[in-house]
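Morning, everyone. Let me put the model up, and then I'll walk through it.

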Amino acid sequence: MEINLGTGDLAKYPFLNEVSQYIRDTHFSLEEFDRPDMTHILERATNRIILEMDGTVYLELERYEVEVMTFLVSLVIVKNTAIESIIKKFSLYEAMRTEHFLKNDLKEYDEKRINLLLSKIFREIFKINIIKDNPTDKIFKMSIADYLSRSSQFHEREWKLINRSVNGGYVFLDVDETVRLIRNELSLLIYKRIKEMNLPVIPHSIQEKSDLLKTKFIPTQTKGISNRTINQYPPCVARSIDLMRKNENLPHSARFLVATYLLSIGKEIEEIVSVFKNAPDYNEKITMYQIEHLSGKKGNNTKYSVPSCSKLRTENLCFPDVFCNGITNPIQYKGKYANDSNNQSK
Amino acid sequence: MTNINNIDVNDKENRINIPSDNPKQVKNNIILKNGFRKFYFKEFPKKIIDIENISKREFGFMSFDNVMQRHQSFSSLGRLQAYLIKEIPSDVYCSNSFYNFPTFPMQDKQWLGADLIFDIDLKDLHLPCDKSHSYHICKKCKNISSIEINSCIMCNDTRFSKITFPCKICISSLKKEVEKLLDFLIVDFGIDKNSIHVFFSGNTGFHLHVNVQSLRELYSQSRADLSSYILGKELMPEFFGIRKQKDTFTVKIPYFGIDYGWRKRTFEKLGIDTVTKQRMSFLTNKLGGYYGFRTKLSEIGNELGARIDPMVTMDIHRIFRMPYSINSKSGLIKTRCDNLDTFEPFNDSCLEDDSMIDIMINYPIKFRLKNKSYNFDKTRKNVPFYLACYLVCKGFADFL
């Protein structure tokens with residue numbers, strides 16, 4: 001007997017291909033959001049975005065017709081703001097919302113439904129083959145290559161392959177771990193959906209909501225470090241700061257480079273924290289703690305050094321320019337830059 | 001043109017940099033080049049069968065004048081062989097990576113993937129026998145010393161190359177590390193052993209090439225993580241159910257059991273076959289609590305991990321010594337090793353050329369080659385070419 005996704009699944013996972021089909025079948029047009037009976041959906045969507053911009057995962061769940069429409073309107077409102085930081089943060093928090101439902105479903109559903117979700121979400125969308133290891137246990141396994149290409153974005157030691165159960169080419173994971181691994185991809189999927197949307201006409205009601213968000217969540221400018229100063233930083237550091245200003249979710253290694261470099265040139269911790277403000281997963285307290293830890297003020301009093309150029313090369317973070325010739329660590333760049341620039345001007 | 005950032009570290013450090021106008025070196029180079037040409041003409045085509053995706057790989061060549069030329073590409077093995085016969089490089093390197101445009105500068109090559117590679121080298125084993133068969137050759141004047149010195153007694157230069165003549169203990173220790181690595185690759189990573197190719201590097205180590213499509217797509221960071229697994233680095237007590245709690249610890253039995261991977265290795269080493277809370281608590285207390293347990297894990301990881309060079313494995317833009325090419329540090333061939341137990345590096349990797357030639361031995365030396373032991377004084381000798389080549393490349397003799 002073929003098992004199909006239920007409407008409840010469409011409500012929880014509105015990015016599924018089946019949902020797109022459902023929307024097409026309803027012949028719904030954006031203009032309809034100016035109708036009074038759509039106010040509920042518009043308000044729900046706006047609240048959802050505001051809550052997520054404030055750093056809370058939106059976990060409400062109504063019947064699927066409402067959820068699907070709310071998701072769709074949320075995407076349109078967010079897209080219409082055209083503010084990158086809002087789009088990135090919304091994508092991340094929507095990924096975390098999915099993560100919440102998926103974890104519960106994979107823990108509670110029966111075998112056939114679990115396999116269906118594994119197939120529809122993991123295999124069809126993300127091309128990852130997750131296998132349920134044993135019918136009685138909630139243990140999953142994925143190939144080492146699939147695992148490593150995702151886990152290497154996490155810096156916690158518990159994600160290191162050596163601290164995982166590995167056998168016969170597979171890494172064994174529980175439900176929470178399996179789902180956590182695809183958060184970035186989920187976020188990227190939603191981000192792409194928003195970016196690829198084509199909005200020829202924006203109804204008045206949606207425009208209003210987008211304007212509201214724009215005024216409420218205008219991006220914070222990185223304070224303290226001017227563009228001119230950043231241009232004198234080594235290109236690896238300057239590029240990472242630039243990406244962060246564009247709200248990119250940088251890997252741990254790039255964040256580590258920026259923080260250790262800025263510490264090494266004597267920047268104040270508050271000033272460094274402000275550089276990270278545009279990261280989609282920014283949390284002031286955690287960032288502050290981590291930078292204090294790197295500076296040696298917290299933890300085991302170890303002051304972390306700036307990674308060497310060879311290490312950065314292996315991490316694909318090296319983008320050398322002419323002043324990089326002959327240096328082995330980004331901290332040598334400043335002197336070389338000043339020296340060579342002077343020589344050039346003579 | 002000289003770019004030696006991503007070739008074997010040893011190759012950079014231990015290259016003897018004799019000025020090419022030194023008459024002895026000029027003569028050595030001429031005769032070596034002649035011998036290398038013969039090899040690439042006669043022996044090389046019999047040994048090498050194929051280089052997978054040759055046109056997508058970057059090649060690099062070290063000349064006898066120590067000039068590195070990278071970003072080369074060949075459409076076929078025949079064209080590569082023709083190049084080797086014509087140009088006669090001292091060393092040949094081939095990228096483990098595949099690129100759309102292998103001849104372009106690194107940032108424009110368009111990386112497509114890379115074979116997983118491993119390097120196990122004697123220098124990383126820190127064996128006690130090392131000092132008894134290692135020598136230090138002055139990079140400037142080639143004067144040899146059996147002890148480590150700060151400056152050359154002949155020319156005062158402070159740059160030395162370390163030359164070693166691996167003994168039986170060295171080879172068996174290297175083989176043990178290869179076996180450990182194979183165990184990780186086959187048992188833990190599930191790699192088909194037919195996809196793993198073991199080579200003697202031609203000097204003091206073994207190279208492993210793994211050709212598995214899914215692993216080729218891994219970036220540096222993932223390869224670094226894979227290396228840490230093999231090295232046994234960063235094992236956490238939490239993985240074994242021991243959690244830190246203020247000044248003490250708690251025990252939670254591992255969810256996935258202890259039947260495989262590092263849990264299995266570690267528990268076997270600790271002599272534990274069944275895990276209970278009481279047993280784990282007792283053991284952790286005995287080892288000195290959470291931190292004691294962590295120290296023990298670090299020791300076990302160090303002992304049971306395979307001593308690979310992680311920088312080689314994680315580098316996805318490296319050019320690695322090409323299989324079946326001559327290693328100019330020894331005059332031996334980087335040779336495939338299908339049966340580790342029976343493989344004799346200093347027997348199976350020599351050149352075939354046994355025509356007799358005169359050499360002058362520069363320093364008294366004992367060594368074994370092609371199943372024969374030699375004990376040479378500082379004197380003139382008439383020896384087969386493969387042996388002469390070995391000693392000249394090692395810096396212990398000059399052609400006459």
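Predicted model: local features only at pLDDT ≥ 70, side-chain atom pairs only at ≥ 80, totals over all residues.

I'll take the chain contact, the domains, the salt bridges and then the cavity.

Local features are used at pLDDT of at least 70. Side-chain atom pairs count only at pLDDT 80 or more. Totals for chains, interfaces and linings take in all residues.

Start with chain A against chain B. How much area do chain B and chain A bury between them? About 2,700 Å², with 60% of it on carbon and sulfur atoms. In residues, 31 from chain B are in contact with 29 from chain A. On the chain B side, the residues that lose the most area to chain A are D225(B), F256(B) and Y260(B). Together those three make up 22% of what that side buries. And salt bridges? Across the interface of chain B and chain A, the rule finds zero.

Now inside chain A. The domain assignment gives three domains. Domain 1 comes in two segments, 1–124 and 186–219. Domain 2 is 129–181, and domain 3 is 227–345. Look at domain 1 and domain 3 of chain A. Their C-alpha centres lie 36 Å apart. Six residues from domain 1 of chain A and five from domain 3 of chain A make the contact. The pair buries about 500 Å², and 54% of that is on carbon and sulfur atoms. Here too, the count of salt bridges across the interface is zero.

Over to chain B. Its assignment gives two domains. Domain 1 is built from three segments: 9–116, 171–228 and 310–399. Domain 2 is 237–304. In chain B, the C-alpha centres of domain 1 and domain 2 lie 42 Å apart. The contact takes four residues from domain 1 of chain B and five from domain 2 of chain B. Between them, these two domains bury about 350 Å², 36% of it on carbon and sulfur atoms.

Between domain 1 and domain 2 of chain B, the count is two salt bridges.

On to salt bridges in general. Over all chains, the search of the whole structure finds 47. Two examples. In chain B, D183(B) pairs with R265(B), with 3.2 Å between the closest N and O atoms. In chain A, K195(A) pairs with E84(A), and there the closest N and O atoms are 2.8 Å apart. That chain A pair links distant parts of the chain, 111 residues apart. K195(A) sits in helix α9, residues 183–196, and E84(A) in helix α5.

Helix α5 of chain A comes up again at the cavity. The structure holds one cavity of 30 Å³ or more, and the largest cavity has a volume of about 30 Å³. Where does the largest share of its lining come from? From helix α5, residues 84–108 of chain A, with three residues. By class, that is four nonpolar, four charged and one polar.

That's my list. Questions, please.

Note on methods. Residues numbered from 1 in each chain as written. Chains lettered and ligands numbered in written order. Heavy atoms only, no water. 1 Å grid on protein atoms, 1.4 Å probe; cavity = no way out; pocket = protein on both sides within 12 Å on 5 of 7 lines; lining within 4 Å. Points joined across faces, edges and corners; volume = space filled by probe spheres on them. Helix = DSSP H or I, 4+ residues; strand = E, 2+ residues; numbered from the N terminus. Nonpolar A, V, L, I, M, F, W, Y, C, P; charged D, E, K, R; others polar. Domains from an automatic or database assignment. Contact = heavy atoms within 4.5 Å. Buried area = accessible area lost by both parts, 1.4 Å probe. Salt bridge = Lys/Arg side-chain N within 4 Å of Asp/Glu carboxyl O.
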